[in-house]
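Here is a short report on a predicted model.

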Amino acid sequence: SGLMKSLVFGILIAAVGCSQGLRAQKGAEGVGIATMKTVVICCVMILLVDYVMGWFLMNFFVVGA
């Protein structure tokens with residue numbers, strides 16, 4: 001489950017980073033703002049996805065529970 005979570009988190013971070021990077025405007029200032037938005041979005045999304053994946057893995061893949 002740890003490898004699966006890390007793969008999903010990596011894809012999530014790459015997708016959000018690319019999405020925000022393509023929306024960056026106004027030169028260096030825009031890049032800084034896009035970076036800040038990316039970090040905030042990734043932190044929130046990782047917490048949410050970790051919760052959902054943890055719940056899913058514990059409820060459907062735990063043997064003997």
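The cover over the buried residues of H2 includes H1. Contact here means heavy atoms within 4.5 Å. Helices (H or I, at least four residues) and strands (E, at least two) are DSSP runs, numbered from the N terminus. This is a predicted model: local features need pLDDT of at least 70, side-chain atom pairs count only at pLDDT 80 or more, and totals for chains, interfaces and linings use all residues. Residues are numbered from 1 along each chain as its sequence is written, and side-chain values use heavy atoms, with hydrogens and water left out.

**Helix packing**

In H2, the buried residues are Gly30, Ala34, Thr38, Cys42, Val49, Met53, Gly54 and Leu57. Buried means under 20% relative accessible area, exposed over 50%, partly exposed in between (1.4 Å probe, protein chains only). An α-helix has 3.6 residues a turn, so residues three or four places apart point the same way.

Gln20 lies in helix H1, residues 2-22. Gln20 touches Ala34, Lys37, Thr38 and Ile41, not counting residues up to four places away in sequence.

| Residue | Relative accessible area | Class |
|---|---|---|
| Gln20 | 11% | buried |
| Cys42 | 7% | buried |
| Asp50 | 32% | partly exposed |

**Salt bridge and cysteines**

The whole structure holds 1 salt bridge, defined as a side-chain nitrogen of Lys or Arg within 4 Å of a carboxyl oxygen of Asp or Glu. Lys5 pairs with Asp50, and the closest N and O atoms are 2.8 Å apart. This pair links distant parts of the chain: Lys5 is in helix H1 and Asp50 in helix H2 (residues 27-60), 45 residues apart.

Disulfides (pairs of cysteine sulfur atoms within 2.5 Å) number 0. Cys18 is in none; its nearest cysteine sulfur, that of Cys42, is 10 Å away.

**Overall shape**

The protein chain has 2 helices and 0 strands. The 34 residues of H2 should span 50 Å at 1.5 Å a residue, and the end C-alpha atoms are 47 Å apart, which agrees. The expected span is 1.5 Å times one less than the number of residues.

The C-alpha atoms fill a box of roughly 55 × 15 × 15 Å, taken along the principal axes. Of the 65 residues, 20% count as buried.
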